[in-house]
Amino acid sequence: MSEPIPESIPTSFDRRSHRPTKRRALSPVSAQAATLTALFAKPDREIHIPKPGAPRALPPPPEIVANVQGSSAGAGSGEFHVYKAARRREYERIRLMEEEVRREAEEKAFREKVDETKKRDAAKTEKNRRRRRKQKEGKAAASTAASKDTEMTEVEKKECDLGAPDGIHQNNIAEEDGPVVEGGGLIIHDEDD
């Protein structure tokens with residue numbers, strides 16, 4: 001740019017150039033604004049959103065390695081960087097394999113825990129179901145016994161009601177001592193002799 005002639009002006013600044021000017025993002029906000037502007041420019045275009053948990057896939061290691069480097073004294077200065085890049089790729093591949101194994105182990109443990117919880121809940125539900133069924137059968141048996149009680153005659157009811165706690169029938173006592181009047185656990189005898 002030593003001279004003000006058209007050949008010394010960069011192509012992006014030349015007014016004769018029809019290339020769009022390069023806009024660089026000055027901040028994360030302007031970068032996001034530029035991304036949204038580009039998306040809204042073509043609203044009918046499908047947008048591919050990557051899944052957040054999707055693992056990165058690296059290419060498999062090469063089966064045939066050309067130019068195997070050795071530890072010879074004649075290695076050039078660029079061989080070190082080639083070695084470092086190959087080592088970095090291999091370490092990344094091993095890290096991804098270990099991460100995949102760890103993720104599979106976690107998923108297996110989670111599935112086992114879910115299955116155990118489902119089995120425990122099913123057993124508890126079945127136990128409660130049996131208990132409710134037993135209570136229902138007990139109530140049904142009690143209601144049939146109550147219906148039999150209503151069919152009893154009045155004489156049978158009086159005999160059941162007058163039963164003494166020690167097993168001696170109240171009617172036997174009443175015949176010996178006279179009429180019995182019940183009231184609060186006291187026995188009152190009339191003395192009409």
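Is Arg 93 buried, partly exposed or exposed? Arg 93 is partly exposed, because its relative accessibility is 22%. The legends below cover this residue and other parts of a predicted model.

**Figure 1**
Start at the N terminus and follow the elements: they run α-α-α-α-β-β. The protein chain has 193 residues, and buried residues make up 4% of them. Its accessible surface comes to about 18500 Å². Carbon and sulfur atoms account for 57% of that surface. Take the contacts between residues at least 6 apart in sequence: 24% of them join residues at least 24 apart. Eight salt bridges turn up in a search of the whole structure.

**Figure 2. Arg 93 pairs with Glu 90 in a salt bridge.**
The N to O distance between the two side chains is 2.6 Å. Both residues belong to helix α2, which spans residues 79-151. Three residues separate their positions, about one turn of the helix. How accessible are the partners? Arg 93 has 22% relative accessibility and so counts as partly exposed. Glu 90 is partly exposed too, because its relative accessible area is 30%.

**Figure 3. Glu 92 and Arg 95 form a salt bridge within a network.**
Their side chains meet at 2.6 Å, N to O. Glu 92 and Arg 95 lie three residues apart in helix α2, about one turn of the helix. Which of the two is buried, and which is partly exposed? Glu 92 is buried, because its relative accessibility of 19% falls under the 20% limit. Arg 95 reaches 38%, so it counts as partly exposed. A network of salt bridges connects Glu 92 and Arg 95 with Glu 99 and Arg 103.

**Figure 4. Arg 130 and Glu 126 make another salt bridge.**
Here the N to O distance is 3.8 Å. That still counts as a salt bridge, because the cut-off is within 4 Å. Why are these two residues about one helical turn apart? They are separated by that much because they sit four residues apart in helix α2. Arg 130 has 46% relative accessibility and therefore counts as partly exposed. Glu 126, at 29%, is also partly exposed.

**Figure 5. Four residues gather in a patch of positive charge on the surface.**
The members are Lys 124, Lys 127, Arg 131 and Arg 132. Look for Arg 131 in helix α2. How exposed is Arg 131? Its relative accessible area is 42%, so Arg 131 is partly exposed.

**Figure 6. Five residues make a nonpolar surface patch.**
Leu 36, Leu 39, Phe 40, Ile 47 and Ile 49 form this patch. Its area is about 540 Å². Where does Leu 39 lie? Leu 39 has its place in helix α1, which covers residues 28-41. With a relative accessible area of 38%, Leu 39 is partly exposed.

Note on methods. Residues numbered from 1 in each chain as written. Predicted model: local features only at pLDDT ≥ 70, side-chain atom pairs only at ≥ 80, totals over all residues. Heavy atoms only, no water. Buried < 20%, exposed > 50% of the residue type's maximum accessible area, 1.4 Å probe, protein only. Patch = residues over 30% accessible without salt bridge, like charges linked within 9 Å, V, L, I, M, F, W, Y side chains within 5 Å. Areas by Shrake-Rupley, 256 points an atom, 1.4 Å probe, with all protein chains shown as cover. Lys, Arg positive; Asp, Glu negative; His and termini not counted. Charge placed at Lys NZ, Arg CZ, Asp CG, Glu CD. Contact = heavy atoms within 4.5 Å.
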